[in-house]
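Hi,

Here is the structure I said I would pass on. Have a look at it first, and my notes on what I found follow below.

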Amino acid sequence: IAPPSLRGELWWLVVPTVASAALGGAVLTAGVVGVSALGQRARTVGAVFIAGLVIMAGVTEGLAESGYPLWGYVSPERDLRTVVDWLLQVGNQSVAAAVMPGRPPSNASPIGSLIGLLAWTAAGLGALTWRIQREVRRG
């Protein structure tokens, strides 16, 4: 899609972009699967999980901006935004910063955000593992 003159300059974006997409996909998938494993009606619980994430993102964003910055690490959306900014090295000199001057704020620590995302993923996979073990024990 990019003109041949720009292709060489854009290759550095491939690895961080794919890594960010994989991380975001893992967090959402593990969360939905984990919550579905806990509920009896998997589709309903999965839809409620996504709605809950959207609502929680708004609440935690508001709390983080109101002087409670640790709440920003509870929001997977804000954590992912922080990690993506860190991987892509978004700064004042970047194209993204020039195109989007009103970018939403992110967390102060990208490592803390990465830990938060990994915790969300682990919680979802842990719930799935718990449910599988419970069903196997029932026989």
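A word on naming before anything else: helices (H or I, at least four residues) and strands (E, at least two) are DSSP runs, numbered from the N terminus. Please keep in mind that this is a predicted model, so local features need pLDDT of at least 70 and side-chain atom pairs count only at pLDDT 80 or more, while totals for chains, interfaces and linings use all residues. Residues are numbered from 1 along each chain as its sequence is written, and side-chain values use heavy atoms, with hydrogens and water left out.

The overall picture: the protein has six helices and zero strands. Of its 139 residues, 28% count as buried (buried is under 20% relative accessible area, exposed is over 50%, partly exposed is in between, with a 1.4 Å probe and protein chains only). The protein exposes about 9,000 Å², and carbon and sulfur atoms supply 70% of that (areas come from the Shrake-Rupley method with a 1.4 Å probe; for residues, only the protein chains shown count as cover).

Just after H4, Gln89 takes a positive phi of about 50°.

Now the charges. Side chains of opposite charge can pair when their charged atoms come close. I call it a salt bridge when a side-chain nitrogen of Lys or Arg is within 4 Å of a carboxyl oxygen of Asp or Glu, and by this rule the count comes to six. Glu61 pairs with Arg78, with the closest N and O atoms 2.7 Å apart. That pair links distant parts of the chain, Glu61 being in helix H3 and Arg78 in helix H4, 17 residues apart. Glu61 also bridges to Arg81, at 3.2 Å between the closest N and O atoms. Both arginines are buried, Arg78 at 5% relative accessibility and Arg81 at 13%. Glu61 counts as buried too, because its relative accessible area is 17%.

Arg81 has another salt bridge, to Glu77, with the closest N and O atoms 2.8 Å apart. Glu77 and Arg81 are four residues apart in H4, so about one helical turn separates them. Shared partners join Glu61, Glu65, Glu77, Arg78 and Arg81 into one network of salt bridges.

Leaving aside neighbours within four places in sequence, Asp79 is in contact (heavy atoms within 4.5 Å) with residues including Tyr73, Asn107 and Leu117.

Two loop residues are worth a click. Trp71 sits in the loop between H3 and H4 and is partly exposed at 41% relative accessibility. Ser109, in the loop between H5 and H6, touches Tyr73 and Thr82, again leaving aside neighbours within four places in sequence.

Cheers
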